[in-house]
Amino acid sequence: MDDHRSADALTESAIDREIEAALAIDPSPEFLARVRTRLSSEPAPSGWRLPWVFAAAGAIVIAVILAMPGTNRSPRQNDVANTQNSGTARATPPIATRDSAQDIVVTQDFSPAPRKLSRPSMAVKEPEVLIAADEARAWRRLFELVGQGRIDLSLVPEGPSATAALQPLGDLTIPPIVFEPTTAGEGERQ
Amino acid sequence: MNECTDRLAGGLISVEDELEREFEARLVESSALAFRVAFSVLRHRQDAEDVAQEAFVKAYRGFRQLRDRDRFRAWLVRMTWRLAIDRQRANRRRMVRELGHAGPPATSTVDALVEQERTTQLWQAIDALPEKLRIVSVLAGIEGHDLRQVAALLGLPEGTVKSRLFLARRRLKELLQWTITDPPTR
């Protein structure tokens with residue numbers, strides 16, 4: 001019995017050893033280099049880079065928006081936004097105060113958080129011009145020259161007017177309105 | 001602003017560098033494992049290296065989910081095994097197999113022949129095992145993995161691995177009875 005058990009154990013351990021010996025084989029020394037070369041030609045793994053790219057792009061966009069001075073809103077826009085964002089401010093009407101630069105609307109804000117008032121200097125900004133700068137310069141120059149009389153506008157050919165193409169109308173004859181009496185008696189129901 | 005952007009970009013680059021370094025470490029420590037798993041199926045050095053390389057490329061693509069060392073090795077073993085099985089099926093008609101391996105050097109031609117014959121018999125017996133038993137016995141024979149490690153690599157309970165290993169050994173013992181009980185003298 002004991003001999004049988006020991007023979008079994010020997011056999012199993014022998015099998016294990018055989019398998020271990022059969023698998024005790026290493027890849028060639030060039031294997032790692034080959035894998036590295038193959039990986040270097042692999043495109044950027046989307047699995048780990050894309051989220052970072054998106055996160056970076058989002059962070060940069062937010063940083064740019066926050067840092068841009070042009071994104072500062074006018075006081076009235078700020079006030080509207082503040083009023084929309086604040087429940088307490090929405091309930092109270094705005095109080096208009098006089099400022100040297102322009103009107104500033106200040107809401108009665110009872111919220112505990114301090115609120116930043118918009119600066120008047122930002123409100124003095126000119127409205128955005130939608131005409132190209134060179135075009136605006138050309139118009140200004142034209143007006144100056146016309147004002148100085150250096151351009152004779154009579155030389156400017158007039159375009160065909162809209163009314164020129166119309167045929168002259170003949171005399172309109174409007175017949176007088178004739179009221180004919182009704183046959184039935186006036187005021188009688190029919 | 002620029003400083004903030006630079007910091008952000010620097011942080012991203014350092015994260016990517018760290019991931020690259022981690023993957024390089026996994027590659028170095030797991031290359032033999034992947035190769036041996038592939039070799040246990042294919043018994044062809046070049047094919048095994050190709051399959052192991054393919055597994056590493058796949059691991060590289062999904063490394064973000066595989067940063068944990070144990071998870072990486074388990075995933076790598078299973079992926080390599082699957083790829084090797086696929087390759088084996090594709091190469092069914094391949095006749096030339098590398099039967100020899102880097103074992104103890106043979107001292108004579110007779111020893112070499114006997115050794116080759118024993119190895120052939122062993123692999124035939126392993127190939128005759130059902131796949132579930134085969135991978136357990138192969139992993140137990142690689143790098144001295146114990147039950148717990150094999151269970152972790154396969155994502156199985158230790159008890160399951162233990163019973164499969166028992167069944168595999170019993171089947172192998174039956175198949176190899178004549179060679180094991182009558183080992184060649186050297």
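Predicted model: local features only at pLDDT ≥ 70, side-chain atom pairs only at ≥ 80, totals over all residues.
Reader: Where does Arg87(B) lie?
Author: Arg87(B) lies in helix α3 (residues 69-90) of chain B. Helices here are DSSP runs of H or I with at least four residues, strands are runs of E with at least two, and both are numbered from the N terminus.

Reader: Why does Arg87(B) count as partly exposed?
Author: Because it has 19 C-beta neighbours inside 10 Å. A residue is buried if 20 or more other C-beta atoms lie within 10 Å of its own, exposed if 12 or fewer, and partly exposed in between, with C-beta atoms placed from the backbone.

Reader: How far apart are Arg87(B) and Val41(B)?
Author: Arg87(B) and Val41(B) are 9.1 Å apart, C-alpha to C-alpha, and 46 residues apart in sequence.

Reader: Which residues of α3(B) are buried?
Author: Among them are Phe72(B), Trp75(B), Trp81(B), Thr80(B) and Ala84(B), and Arg73(B) is also one of the buried residues.

Reader: Switching to the core: which residues touch the most other members?
Author: In the largest nonpolar core, with 49 residues, those are Ala38(B), Ala55(B), Ala59(B) and Leu139(B). Helix α1 (residues 2-42) of chain B gives the most to this core, nine residues. A nonpolar core is a set of buried Ala, Val, Leu, Ile, Met, Phe, Trp, Tyr and Cys residues joined through C-beta atoms within 7 Å.

Reader: And what does Ala38(B) touch?
Author: Not counting residues up to four places away in sequence, Ala38(B) touches Ala48(B), Val51(B), Ala52(B), Thr80(B) and Ala84(B).

Reader: What about α7(B), which residues are buried there?
Author: In α7(B) the buried residues are Val161(B), Arg164(B), Ala168(B), Arg169(B) and Leu172(B). They cover an arc of only 140° around the axis, so they sit on the same side of α7(B); the arc is that of the directions from the helix axis to the C-beta atoms. Gly159(B) and Glu174(B) are exposed, on the face turned away from the buried side of α7(B).

Reader: How many helices and strands does each chain get?
Author: Chain B has eight helices and zero strands. Chain A has seven helices and two strands, running α-α-α-α-α-β-β-α-α from the N terminus on.

Reader: How much of each chain is buried?
Author: Buried residues make up 34% of the 186 residues in chain B and 7% of the 190 in chain A.

Reader: What's the confidence like in each chain?
Author: Mean pLDDT, the predictor's confidence in each residue from 0 to 100, is 82 for chain B, where 78% of residues reach 70 or more. For chain A the mean is 67, and 45% reach 70 or more.

Notes: Residues numbered from 1 in each chain as written. Chains lettered and ligands numbered in written order. Contact = placed C-beta atoms within 7 Å.
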